[in-house]
Amino acid sequence: MRLGRNFGWLIVIVVAFLIPLLLHDSQYFLSVFVMCLINVLLTSSLRSTASTGQVSLGIMAFMGIGAFTSALLMMKLSFPIWAALPLAGLAAMAVAAVIGFPFVRVTGLYFAMVTLFFCEVIRLILTQWRTMTGGSTGIVNIPSVGTISVLGLNINFSHILPYSYFALFVTVVSLLILYRIDRSHLGTHFASIGQDESVAESIGINVIWFKVFSFCIGCFFAGVAGSLYAHFLTVLYPDVFSIFPSIYILIYMVAGGRKSFIGPILGAIILTVIPELFLSLKTYQPFIYVAFLYIVLYSMPGGLVTLPGIIGARFATMRQARLRND
Amino acid sequence: MIETRELTKYFGGLCAINNLNLKVNPGEILGLIGPNGTGKTTAFNLLTGFIRPTSGRILFEGRDITDKSAHARVKLGLARTFQLVRSFPDFTIKRNMVAASFLHPKIGFWEAIFYTPQYRRKEKQIAEETGTILQFLGLDSLENEIVRNLPHGYQIMVGIAIALATKPKLLLLDEPLAGLSPAEVSRALEIIRELRRRGTTIMLIEHNMAAVMNVCDRLVVLNFGTEIANGSPDDVSHNKDVIQAYLGVRKNAA
């Protein structure tokens, strides 16, 4: 069983590594692929925080902190990417740790509200701090990854095909870490807090600390996603990191199914790819999202991941009914 | 074991606990009884750190724990269950136990991420320890069931199981017998006695008087937040104040 599951994951990862090769002709589809990875990473980060019952509406703030940190570290201090990327995560995490202690003391809707306002505060800071962030015009000419020697080969990761592999590698490593957290006692502690904070406290879990911890983990990977974004587009505008995309990430998570690990990943992939396939309908994107979300939540309250189970149960009842009729 | 000194708690102008001097001796089963709304659960919440007293001190094994948080008290050996004995309904019994037992062996973050042999060994050790608890409570064959799907009697046992997984010296049970069938009640009382025999001190809030009289060594009776009686079940049941406040006057007893 365990071997089977690990084998399944391995196949998924191998297939993911083949996708850029299939798409290598189209610059456009490769960029969709990279955006997809960034959204997957953001959605999984959001889930890590949400597992303790805290729904953050400000994930874009932490992505923004990561993106600008990474870009400025490489531009002003000429840091290499392998230092800038984790530092982007750490910067977002440090901010999360500072605001976390007051923030996690409010729960539910109130947590959503304070994170929402925090997102706006960060966007305004990024807009106003002109000397560092370039204000509303943003920063341009951010260096991309550059040339890295892999297994003796010097590969220029600034080109889009190598970059998509770089992004895939970072995403897979991040997801593996998030997966291990989810499967270990840490994930169990997070989810137990999500179910009943008093009971969690009564069995000796330091609820406040673990809530801040899960918030920090989520924000770390949001910062990493920001770094991937910055060096992919090589331009950054503060307005990107606003409330609206934060809500989209939340929709990906809920539509995919926040209870399972794979759910938010699926939600992010499907809801990133579908609008790109129907590009002529881009104006109607919010309507399509709402309709999609409504249908998913109405017919499968546990999210898209529960679809195979629902279909399976339907077939089982049908078969039983047929057997009874015979 | 645990001791309170002039413990007082006000909710606004309402005095929930008034000048309570409670003492639980090691190895006893102490029943805390009294009419509804009299502050029994408030007393439990104060003892376990879920709420802070307005004044007074709480001592556990001679140490002042008044300012310690609830989770820190658990580590000292002070565990509790809640009314309707709650656990984590979306988890399997096994995962409930994992949630409750990973605080005792110190485990590092990176150990968990890299799934080191050391981590696996600890996982195995915890599975063995919790297995014994589940066996003791008759839950071992159900460990992969989601708690939500179990009958009420079993859910109560899961609540007790996660409290036991924290390895308590003193266990506070808040109405553990509510909603149990007579057969389940006698089974639960057996478990409480067996726990005491194994060295756990027990404090019990319960309205099932027959059970309380049967299992407790000593009773403390509260009325409007004040202690009105303290003694053996026999003494207490003949105490005039208690009869008036709680047990009710029997017509033919006069």
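Predicted model: local features only at pLDDT ≥ 70, side-chain atom pairs only at ≥ 80, totals over all residues.
The domain assignment puts residues 1-77 plus 169-254 of chain B into domain 1, and residues 89-167 into domain 2. Where the two domains of chain B touch, nine residues of domain 1 are in contact with nine of domain 2. On the domain 1 side of chain B, H2 and H7 are the elements that give two or more residues. That side splits into five nonpolar, two polar and two charged residues.

Next comes the sheet of chain B. Six strands make up an open sheet, and their order is E7-E8-E9-E4-E10-E11, with mixed pairing. E7 (78-80) and E11 (226-231) of chain B are the edge strands; each has a single partner strand, so one side of each has no neighbour in the sheet. On average, and ignoring direction, neighbouring strands of this sheet are turned by 20 degrees against each other. Inside the sheet, E8 (residues 170-174) and E9 (residues 201-205) of chain B pair in the parallel sense over five bridges, and Leu170(B) stands opposite Thr201(B) in E9(B).

Helices lie across these strands too. Helix H1 (residues 40-48) of chain B lies across E4 (29-33), E7, E8, E9 and E10 (218-223) of chain B, and runs at about 150 degrees to E8(B). Helix H7 (residues 182-197) of chain B lies across E4, E8 and E9 of chain B, at about 150 degrees to E9(B).

Over in chain A, helix H2 (residues 27-50) packs with helix H7 (residues 160-183) at an angle of about 15 degrees, and the axes are 10 Å apart. Because of that angle, H2(A) is roughly parallel to H7(A). The crossing of H2(A) past H7(A) is left-handed. Residues of H2(A) in this contact include Leu30(A), Phe33(A), Val34(A) and Leu37(A), while Leu168(A), Thr171(A), Leu175(A) and Leu178(A) are among those they meet on the H7(A) side. Sorted by class, the residues of this contact of H2(A) with H7(A) come out as 14 nonpolar, seven polar and no charged.

Finally, there is the meeting of the two chains. Chain B brings 23 residues to the contact and chain A brings 19. Three helices of chain B, namely H2 (70-76), H3 (93-101) and H4 (109-114), each supply at least two residues of the side that touches chain A. That side of chain B has 15 nonpolar, three polar and five charged residues.

Technical notes:
Residues numbered from 1 in each chain as written. Chains lettered and ligands numbered in written order. Axes fitted to C-alpha atoms, helices over the stretch in contact; angles between N-to-C directions. Helix = DSSP H or I, 4+ residues; strand = E, 2+ residues; numbered from the N terminus. Parallel < 35°, antiparallel > 145°, perpendicular 65-115°, else oblique. Left-handed = near helix turned anticlockwise from the far one by under 90°. Contact = placed C-beta atoms within 7 Å. Nonpolar A, V, L, I, M, F, W, Y, C, P; charged D, E, K, R; others polar. Pairing = 2+ DSSP bridges. Domains from an automatic or database assignment.
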